[in-house]
Amino acid sequence: MTVEKKVLLAAPRGYCAGVDRAVVTVEKALELYGPPVYVRKQIVHNKHVVSTLEKRGAIFVEETDEVPEGATVVFSAHGVAPVVHEEAKARSLKSIDATCPLVTKVHREAVRFADDAYDILLIGHEGHEEVVGTSGEAPDHITIVDGPDDVDNVQVRDPEKVVWLSQTTLSVDETMATVARLRERFPKLESPPSDDICYATQNRQLAVKAMAPKTDLMIVVGSRNSSNSVRLVEVALEHGARDGHLVDYAEEIDEAWLDGVATVGVTSGASVPEVLVRDVLDWLSERGYDDVEPVIAAEESLLFALPNELRRDLKAAGIAAKTVRHDAATHLH
Ligand code: SF4
């Protein structure tokens with residue numbers, strides 16, 4: 001039996017404003033100060049981005065004590081706890097903070113609710129860099145809640161004064177399920193003043209939800225340690241995709257996944273350069289999947305300015321300090 005082969009291509013997909021800013025921050029720092037520029041943790045959770053920056057002279061380290069005294073260090077988009085800023089200062093490092101402003105917003109909420117003596121239930125994945133950074137803002141007030149099944153373990157000091165916050169890259173539906181379980185236990189539970197799950201995570205999930213019921217196979221381009229990418233596979237399977245896989249590169253796609261498949265959905269996580277999606281589309285096209293239909297769930301145009309400390313030095317050196325939306329997948333269909 002011949003099948004009518006087709007690709008549904010999600011929009012938006014790929015780079016978000018926070019990732020774009022973080023990657024441009026390292027690129028501009030290399031241009032301005034010259035290599036090496038140290039980066040604490042992966043600047044964004046994507047293998048290809050990290051190896052490309054490494055080739056240009058970035059050195060990725062796990063902790064600030066691996067950075068030579070006085071050198072330049074960039075903090076990743078996922079954010080850091082205040083103690084990391086203090087360590088960098090103590091080692092006389094020149095630090096550039098590429099924390100996504102939408103993560104910084106959650107940090108500020110944590111500080112404010114802790115100052116008001118709330119118990120903060122931070123919904124997120126234990127050990128994820130963003131969660132470690134946010135918890136570090138108010139360690140005595142924050143309890144991590146790692147999904148609905150973790151709710152029964154939660155202890156608070158005063159059930160009348162409890163608020164939930166969340167990691168920015170979670171599944172919207174699962175987070176709401178966790179909140180509902182928490183509210184059964186703590187009816188006075190307050191919500192964050194605005195969404196903590198960021199616009200980019202929400203929009204990529206919306207596109208996947210629209211495509212999933214018509215999709216036999218969903219291919220999500222993204223790295224295993226990328227929370228929002230992993231969530232896209234889960235969301236696809238929950239919303240009707242028959243099969244779904246996460247791949248870093250087109251070469252990782254297994255031909256066997258295409259057995260009996262008519263419609264392939266393609267999307268990418270917020271830290272994924274568009275070139276990797278193009279490779280997947282080429283790979284599919286070579287196998288007869290060359291009819292590509294965009295599925296547009298939202299338009300995105302957000303841009304963040306580069307970190308102040310870098311902008312100041314770029315200006316002094318006469319180098320353009322603009323964030324360029326150089327990898328906008330939304331414009332590529
Ligand atoms: S996924 Fe969201 S929170 Fe994370 S860097 Fe992108 S915009 Fe910022």
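Where is Cys100 found? Select Cys100 and look at the chain on either side: this residue lies in the loop between strand S5 (94-97) and helix H4. Keep in mind during the tour that this is a predicted model.

**The whole protein**

Zoom out before going further. The protein has 10 helices and 12 strands. Its radius of gyration is 21 Å, close to the 20 Å that the globule rule gives for 333 residues, so the protein is as compact as a globular protein of that length. Along the principal axes, the C-alpha atoms fill a box of roughly 65 × 55 × 30 Å. Of the 333 residues, 46% count as buried. Now consider contacts between residues at least 6 apart in sequence: 76% of these join residues at least 24 apart.

**The ligand and its shell**

Select the ligand next. It is surrounded by 15 residues, and the closest are Cys16, Gly18, Cys100, Thr168 and Cys198. Colour the shell by residue type: 10 of its residues are nonpolar, 5 are polar and none is charged.

Then colour helix H1 (17-33), helix H4 (101-115) and helix H7 (199-211), each of which supplies at least two residues of the shell. Which helix gives the most to the shell? The answer is H1, with 3 residues.

Return to Cys100. Is Cys100 buried or exposed? Cys100 has 26 other C-beta atoms within 10 Å, so it is buried; the cut-off for this is 20 or more. Leave aside the neighbours within four places in sequence, and Cys100 is in contact with Gly18, Ala22 and Ala77.

Move on to Cys198, in the loop between helix H6 (172-185) and H7. Cys198 counts as buried because it has 25 C-beta neighbours inside 10 Å. Apart from neighbours within four places in sequence, Cys198 is in contact with Leu102 and Thr168.

**Thr168**

Follow strand S8 (162-166) towards H6, and Thr168 is in the loop between them. With 28 other C-beta atoms within 10 Å, Thr168 is buried.

Which residues is Thr168 in contact with, leaving aside its neighbours within four places in sequence? Select Leu102, Val103, Val106, Glu130, Asp196, Ile197, Cys198 and Thr201 to show them. Cys198, from the previous stop, is among them.

**Asn228**

For the last stop, select helix H8 (residues 227-238), where Asn228 is found. Asn228 counts as buried, with 28 C-beta neighbours inside 10 Å. Not counting residues up to four places away in sequence, Asn228 touches Thr169, Thr201, Arg204, Gly269 and Ala270.

Conventions: Residues are numbered from 1 along each chain as its sequence is written. This is a predicted model: local features need pLDDT of at least 70, side-chain atom pairs count only at pLDDT 80 or more; totals for chains, interfaces and linings use all residues. A residue is near a molecule or strand if its C-beta atom, placed from the backbone, lies within 6 Å of it. Helices (H or I, at least four residues) and strands (E, at least two) are DSSP runs, numbered from the N terminus. Ala, Val, Leu, Ile, Met, Phe, Trp, Tyr, Cys and Pro count as nonpolar, Asp, Glu, Lys and Arg as charged, and the others, Gly among them, as polar. The radius of gyration is taken over C-alpha atoms; the globule rule is 2.2 Å times the number of residues to the power 0.38. A residue is buried if 20 or more other C-beta atoms lie within 10 Å of its own, exposed if 12 or fewer, and partly exposed in between; C-beta atoms are placed from the backbone. Two residues are in contact if their C-beta atoms, placed from the backbone, lie within 7 Å.
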